[in-house]
Amino acid sequence: MLKIVFFCLFVFLSAAWLTAEPTSSLERFHVCTVASYKAANLDKLLKSCEKNRIDLEIIGLGLPYSGNGTKLIRMTEYLKSLDDDDIVMFVDAFDVIIVADKQTILEKFLNMNIPFLMSAEKNCYPERLLNRYPPRENTFNYINTGSYIGYVKNLKAWLKNIPQINPKISDQLQVSTHYLNGHVFFDLDYNCELFLPLYQVEDHEIAIDDENTIVHCLTTNSMPYVIHANGMSFRILDIIYQKLIAK
């Protein structure tokens, strides 16, 4: 009888731990952006986060912003307050919307079983780096620093390794140069599993499932959750926003 009681207690505690684990993981998953001021496009990001029950942390409001390299400096400071085993997803502030909730995003990232994932886009910016990238068969071949996700310890190590971050110089130039010099701290999201930069993406490459709130990237046969109008490619982003967020 006593063995049965202990067995039942073990089963109960195990079930409780498994049930609590996702909540605990979600509490250690942070979604953030860097912005020195508020604007309409930031409101769109906030609205998409609100719809998907995401608490977006805005870093740097009211602080000086010298250039896009400032994002790297703000992130370096922000990460100091987090545990190394936490997970952070960064997105750009003024040209991004999110179309899934935190648990859906986190589960996909964890299932990928990689420590740090960086967005990849069709276009190489700055263009002068084009010939430094190895040839690949993917459509989305090039670093896009507007969205990434990873464990805090990996993000810290990456940022610490970038020499003399300059707030006035493009973050994409600094990160891409560092990567192409052989400092490979992250995997690139070649298949747009999580991130979809829209620059040079055509209408026929996108399908929007209004009923299930899903964006399909037909080129990569994927369902990305972070949609980025990089290079001022707002037309498709605005269509997605109106169909999935504003409705």
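Is C32 buried or exposed? In this predicted model, C32 is buried, with a relative accessible area of 0%.

A search of the whole structure finds zero disulfides. C32 takes part in none, and the nearest cysteine sulfur, that of C49, is 11 Å away. C124 is also buried, at 6% relative accessibility. Its closest cysteine sulfur belongs to C192, and at 16 Å the separation is too far for a bond. The cut-off applied to a pair of sulfur atoms is 2.5 Å.

Let me turn to the sheets. Six strands form an open sheet of mixed pairing, in the order β2-β1-β3-β6-β5-β7. Its edge strands are β2, residues 56–59, and β7, residues 187–189, each of which pairs on one side only. Neighbouring strands in this sheet are turned against each other by 30° on average, with direction ignored. Within the sheet, β5, spanning residues 116–121, and β6, spanning residues 142–151, are antiparallel and are joined over six bridges. In that pair, E121 stands opposite Y142 in β6.

Two helices on this sheet deserve mention. Helix α2 packs on the sheet and touches β1, β2 and β3, with a direction that makes about 155° with that of β2. Helix α5, residues 152–161, also packs on the sheet, where it touches β3, β5 and β6, and its direction makes about 135° with that of β6.

Which residues of α5 are buried? They are V152, L155, W158 and L159. These residues cover an arc of only 125° around the axis, and they therefore sit on the same side of α5. As a general point, an α-helix has 3.6 residues a turn, so residues three or four places apart point the same way. The partners of the buried α5 residues are α3 (70–79), β3, β5, β6 and α6 (171–180).

β4 and β11 run antiparallel and are joined by three bridges. Across that pairing, I98 stands opposite V226 in β11.

There is also a hairpin, formed by β9 and β10 with four residues between them. In its turn, T213 has a positive phi of about 55°. The two strands run antiparallel and are joined by four bridges, and D209 stands opposite I214 in β10.

What do the buried residues of α7 pack against? They pack against α2 (40–51), β4 (96–98), β9 (206–209), β10 (214–217) and β11 (226–228). Helix α7 itself comprises residues 234–245, and its buried residues are F234, I236, L237, I240, Y241, L244 and I245. Viewed down the axis of α7, these fall within an arc of 160°, so they line one face of the helix.

Apart from neighbours within four places in sequence, I227 is in contact with D95, V96, I97, V99, L196, L198, V215, L237 and I240.

Finally, a word on the surface. N113 lies in the loop between α4 (102–112) and β5. This residue is exposed, with a relative accessible area of 68%. N113 and E205 are 92 residues apart in sequence, and their C-alpha atoms are 27 Å apart in space.

Technical notes
Residues numbered from 1 in each chain as written. Predicted model: local features only at pLDDT ≥ 70, side-chain atom pairs only at ≥ 80, totals over all residues. Heavy atoms only, no water. Buried < 20%, exposed > 50% of the residue type's maximum accessible area, 1.4 Å probe, protein only. Arc of directions from axis to C-beta. Contact = heavy atoms within 4.5 Å. Pairing = 2+ DSSP bridges. Axes fitted to C-alpha atoms, helices over the stretch in contact; angles between N-to-C directions.
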